Every structure is written in structure tokens, then in C-alpha cells.
Amino acid sequence: MNRLIIYQYINKLRKEDIVNYCNTKGIRVNNNDLDVVYSYVKNDYKRFFDNPSIVLNEVKVLVSDYTYGEIIKLYEKYKGFI
């Protein structure tokens with residue numbers, strides 16, 4: 001059930017939604033990192049559910065250390081929901 005809700009949300013997700021979320025949480029995100037995160041969320045979410053460590057390792061080399069650290073914090077916080 002949780003995955004269905006997540007899939008529906010991802011289908012509607014816009015870059016602006018990510019920016020707004022980051023702003024409310026005090027997370028700084030540059031345009032490159034935003035593009036990478038958005039692309040992975042929209043295109044690779046099913047792979048992420050199957051094996052998050054592979055996707056996280058791919059993202060790690062594409063975004064800044066700061067952004068990756070924030071991604072890991074969010075993953076640790078929400079991984080129980082998936």
C-alpha cells in the first residue's frame with residue numbers, strides 16, 4: 001500500500017516540489033544536484049525500492065557531499081515507510 005501511494009506521488013512530482021521541500025527543511029540544493037535528484041526520483045524509484053544501496057552509490061558520485069549527506073539523513077528517517 002505504501003508503495004502505491006509513493007508511486008502516485010512521484011508521478012505528480014515537479015522540481016519545484018523538491019525545492020520547496022528543501023526550503024522548508026533548511027536544505028541547500030544547487031541546480032546540478034536538483035537535476036540529479038529529480039531525475040533519479042522520477043526514473044529510478046522502482047530500482048531504488050529493489051536495491052537502495054546501488055542507487056545511493058550512483059547518486060553519491062553525481063551530487064555534492066553536502067547533498068548526499070542530506071539524502072542519507074532522509075533515507076534513514078523514512079526507510080521504514082518503504
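**Helix packing and core: a working chat**

Reader: Which residues touch the most other members of the largest nonpolar core?

Author: Ile18, Phe48, Leu56 and Val59 do, in a core of 19 residues. A nonpolar core here is a set of buried Ala, Val, Leu, Ile, Met, Phe, Trp, Tyr and Cys residues joined through side-chain atoms within 4.5 Å. Buried means under 20% relative accessible area, exposed over 50%, and partly exposed in between, with a 1.4 Å probe and protein chains only.

Reader: Which elements give two or more residues to this core?

Author: They are α2 (15–25), α3 (31–50), α4 (52–60) and α5 (65–78). The largest share comes from α3, with seven residues. Helices (H or I, at least four residues) and strands (E, at least two) are DSSP runs, numbered from the N terminus.

Reader: Before I go on, what sort of model is this?

Author: This is a predicted model, in which local features need pLDDT of at least 70, side-chain atom pairs count only at pLDDT 80 or more, and totals for chains, interfaces and linings use all residues. Residues are numbered from 1 along each chain as its sequence is written, and side-chain values use heavy atoms, with hydrogens and water left out.

Reader: Back to Val59. What does valine 59 touch, not counting residues up to four places away in sequence?

Author: Tyr40 and Ile71. Contact means heavy atoms within 4.5 Å.

Reader: Now the helix pairs. At what angle do α1 and α3 pack?

Author: Helix α1, residues 2–12, packs with α3 at an angle of about 165 degrees, and their axes are 10 Å apart. That makes α1 roughly antiparallel to α3. Axes are lines fitted to C-alpha atoms, for helices over the stretch in contact, and angles run from 0 to 180 degrees between N-to-C directions. Angles under 35 degrees count as roughly parallel, over 145 as roughly antiparallel, 65 to 115 as roughly perpendicular and the rest as oblique.

Reader: Which residues make the contact?

Author: From α1 they are Arg3, Ile6, Tyr7, Ile10, Asn11 and Lys12, and from α3 they are Val41, Lys42, Tyr45, Lys46 and Phe49. By class, the contact of α1 with α3 has six nonpolar, one polar and four charged residues. Ala, Val, Leu, Ile, Met, Phe, Trp, Tyr, Cys and Pro count as nonpolar, Asp, Glu, Lys and Arg as charged, and the others, Gly among them, as polar.

Reader: Isoleucine 10, buried or exposed?

Author: Isoleucine 10 counts as buried, because its relative accessibility is 8%. Leaving aside neighbours within four places in sequence, isoleucine 10 is in contact with Val41, Lys42 and Tyr45.

Reader: And α3 with α4, how do their axes cross?

Author: At roughly 140 degrees, coming within 7 Å. The two helices, α3 and α4, are therefore oblique to each other. Tyr40, Arg47, Phe48, Phe49 and Asp50 of α3 make the contact with Pro52, Ile54, Val55, Leu56, Glu58 and Val59 of α4. The residues of this contact divide into eight nonpolar, no polar and three charged.

Reader: Aspartate 50, buried or exposed?

Author: Aspartate 50, in helix α3, counts as exposed because its relative accessibility is 66%.

Reader: Last pair. At what angle do α4 and α5 pack?

Author: About 160 degrees, with the axes 10 Å apart, and α4 and α5 are therefore roughly antiparallel to each other.

Reader: Which residues meet there?

Author: Pro52, Leu56, Asn57, Val59 and Lys60 in α4 meet Tyr68, Ile71, Ile72 and Tyr75 in α5. By class, the contact of α4 with α5 has seven nonpolar, one polar and one charged residues.

Reader: What about threonine 67, where is it found?

Author: In helix α5. Threonine 67 counts as buried because its relative accessibility is 8%.

Reader: What does threonine 67 touch, again not counting residues up to four places away in sequence?

Author: Arg28, Asp33 and Val37. The C-alpha atoms of threonine 67 and aspartate 33 are separated by 7.1 Å, although the two are 34 residues apart along the chain.
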